[in-house]
Amino acid sequence: MKRISVIILFFIIIVLSVVQVVVANSISTTGIILSKLHKEIATYEKENGKLKDEILTQSSYTRIASIAGELGYVEAKSPVSLSAPLPLALVQ
Amino acid sequence: MSWRFQATFLFFIFLLLCVVGRLFYWQVVRADELSAIGQSQYGQRIKLMPKRGEIRTSDGFPIATNTISYLAFANPKVVSQKEKTAILLAPFLETEVASISSALSLNRFWIALGSKISAEKKESIEKFSLEGIGFEEQPSRFYPEASTAAKILGFVGKDENGEDKGYFGLEGYYDRQLRGKSGLAVQVIDAVGRPILARMDDNSAAINGRSLNLHIDRSIQFLVEHELKKGIEKYGAQGGMIGILNPKTGSVLAMAAFPSYDQKKYNDYSAEVFKNPFITDSYEPGSTFKPLIMASALDSGVVKAYTKCSICHGPILLGGYQIKTWNDQYHPNMTMTDVIRYSDNTGMVFVGQKLGLKRMLGYLNRFGIGEPTGIDLQGEATPDIRPEESWYPIDVATASFGQGVSVTAVELLSAFSSIANDGIRMEPHIVAAVVTPDGEKITIPAKEINRPISAPTAKVMTEILVNAVDKGEAKWAKPKGYRIAGKTGTAQIPVEGHYDPSQTIASFMGFAPADDPKFVMLVVVDRPTSSIYGSETAAPLFFTIAKNLLTYYGIGPTEAE
């Protein structure tokens, strides 16, 4: 019984060793792919960052107000209110 | 044993000692150095920098965020055409040709030429294909609205270790939340420097900073800064500041002060301009202090709105001093409502005397005068109220109309907002929520501090203030059809022991709509020259902003014009 256990254990060790060698071998070259992916991620992150900065700059009130001024827009001095008309008798 | 055998034996012993000594040298003396070289060949240690948290206005717009900028550097030994390089670089680096030229003439291998260079500028420089010029990535703060809200935000500089650190405003107050925590990763690499996937060793990951969601309304902040700039120019003032709160929650909707600065170029400014005078600078509030004293007297029951002033027929002599009204006009037997309407100093002396020192100090304490408001900005400085035993009758009289006491603008606004909130004083707060990198939102609830006056007193005081706006000195500037409660203030500035009559701090403080206030605002104009009076400078500025705010909130007029 003891001998069988030793043999099974031996085979398990052999199998696991072989699996480890096979897996390590199969992924050993994926470092190149990983390196490329890292670079791609960095590029996209940079591009996203640039686009985000551009969107924020374009949508800032500071810029919109300056363009509005250049285009001839002026502030509404007297907004018209359509709410709560008072009864005529109450107007002095 | 022959001598030859002994000599050979000693020779081998000597050789053995040499080997042991050499091993000791490599394994003990230079162990750390060799270990470091070995590790560098084996893998890369990468310091993972955390992303600083964003600061967003109430509409979710990041008013302070991060961007990648570049540090331009040169190797002067490689740069052949130094003069030409300096001329080409100068406009992009926004510096003098001479300073670049002198940097390039140094006998060094590496010299920094400029920092925080934008990606566009970097690309433009790279098109010249200049020898010996390079760039290094540099994360930096980006403010899409430029210098808007600079006094609230503060800026990000460097600490003694060269790490990013927030100074002043929110960047300073919430620095630990915003900055996050750096991490360290070891990436195992092969002979040509490519990562080995099976041997990735993450020691500790970086924790990004938390973001802040503010109560600050970007539209209101923009409007306030725009109008304040215009107002300072129009009234020829040295500066000015405005703060707007929601009195029901204490949320700060906008806060601005000028002169201000550009956070991107904070190095170009003196340290004096970085502080936010709304929370750091104390001044004598003048007549804007009267509502607090009147509300205290009404609340304690020593006067009613219709109580008549029995000492208001002329100047009052007290402790060798003569107390006059601002225009030297007197209204005998006027009511307390009219004391506020005419901003009458003699009437306020009457109120102060009725109230008494002990009660006055008690109420000022409940209004939070002399104590920090607890606003979440770095640098709040509050002047103390003098101890009871050092007050003379003349001090009580002058304090009742806002002279001889100092307050900060935020302290005064916080105290006044309790009148707009049924007598309840809320803690002013800028940050509404802190957002973790995982997206968890930690809301900061509105905090009630205390109730300095009762709700009925607050209602009566509101009516007195509405009357002051409708019939007082600033009535010409008030938007038609709205019920607005407010009070003007013109405080002379104490200079070398006396008050300079030509230099004033003009202010206006009020809230609207009076019956259901959406905002409470304090406008302070520092030393205006076109007119020294609050009613002719700060008040029109207040009403211009108030009119825009009422339109912004969709609140129409409620009264006949």
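This briefing describes the chains, cores, domains and selected residues of the structure above.

The structure is a predicted model, in which local features need pLDDT of at least 70, side-chain atom pairs count only at pLDDT 80 or more, and totals for chains, interfaces and linings use all residues. Residues are numbered from 1 along each chain as its sequence is written, while chains are lettered from A and ligands numbered from 1 in the order in which they are written. Chain B has 18 helices and 23 strands, whereas chain A has three helices and zero strands. Helices (H or I, at least four residues) and strands (E, at least two) are DSSP runs, numbered from the N terminus.

**Overall form of the chains**

- Chain B has a radius of gyration of 33 Å, well over the 24 Å that the globule rule gives for 561 residues, so it is more spread out than a compact globule. The radius is taken over C-alpha atoms, and the rule is 2.2 Å times the number of residues to the power 0.38.
- Along the principal axes, the C-alpha atoms of chain B fill a box of roughly 130 × 65 × 50 Å.
- Of the 561 residues of chain B, 44% count as buried. A residue is buried if 20 or more other C-beta atoms lie within 10 Å of its own, exposed if 12 or fewer, and partly exposed in between, with C-beta atoms placed from the backbone.
- In chain B, 70% of the contacts between residues at least 6 apart in sequence join residues at least 24 apart. Two residues are in contact if their C-beta atoms, placed from the backbone, lie within 7 Å.
- The elements of chain A run α-α-α from the N terminus on, and buried residues make up 3% of its 92 residues.
- A:V22 lies in helix α1 (residues 2–27) of chain A. With 10 C-beta neighbours inside 10 Å, A:V22 counts as exposed.

**Domains of chain B**

- Chain B is divided into domain 1 (44–77 + 151–213) and domain 2 (218–552); such bounds come from an automatic or database domain assignment.
- The C-alpha centres of these two domains of chain B lie 41 Å apart. Their contact takes 22 residues from domain 1 and 22 residues from domain 2.
- On the domain 1 side of this contact, α6 (150–153), β6 (155–158), α7 (169–173) and β10 (211–214) of chain B each supply at least two residues. Helix α7(B) gives the most to that side, with four residues.
- By class, the domain 1 side has ten nonpolar, nine polar and three charged residues. Here Ala, Val, Leu, Ile, Met, Phe, Trp, Tyr, Cys and Pro count as nonpolar, Asp, Glu, Lys and Arg as charged, and the others, Gly among them, as polar.

**Nonpolar cores**

- A nonpolar core is a set of buried Ala, Val, Leu, Ile, Met, Phe, Trp, Tyr and Cys residues joined through C-beta atoms within 7 Å.
- The largest core has 122 residues, of which B:M294, B:M521, B:V523 and B:F542 touch the most other members. Helix α18 (residues 538–552) of chain B gives the most to this core, with nine residues.
- This core draws at least three residues from each of domain 1 and domain 2 of chain B.
- Not counting residues up to four places away in sequence, B:F542 touches B:G486, B:F508, B:G510, B:M521 and B:V523.
- A second, separate core of twelve residues includes B:A72, B:A86, B:I117 and B:I125.

**Helix α4 of chain B**

- In helix α4 (residues 97–104) of chain B, the buried residues are B:I100, B:A103 and B:L104. Seen down the axis of α4(B), they fall within an arc of 95 degrees, so they line one face of the helix; the arc is that of the directions from the helix axis to the C-beta atoms.
- B:A98 and B:S102 are exposed on the other side of α4(B).
- The cover over the buried residues of α4(B) includes β3 (62–74), α3 (82–93) and β4 (111–117) of chain B.

**Backbone features**

- Most residues other than glycine have a negative phi, and most peptide bonds are trans.
- A cis peptide bond, with omega about 5 degrees, joins B:F258 and B:P259.
- The peptide bond from B:A512 to B:P513 is also cis, and B:P513 lies in the loop between β22 (498–512) and β23 of chain B.
- B:S343 has a positive phi near 50 degrees and counts as buried, with 26 C-beta neighbours inside 10 Å.
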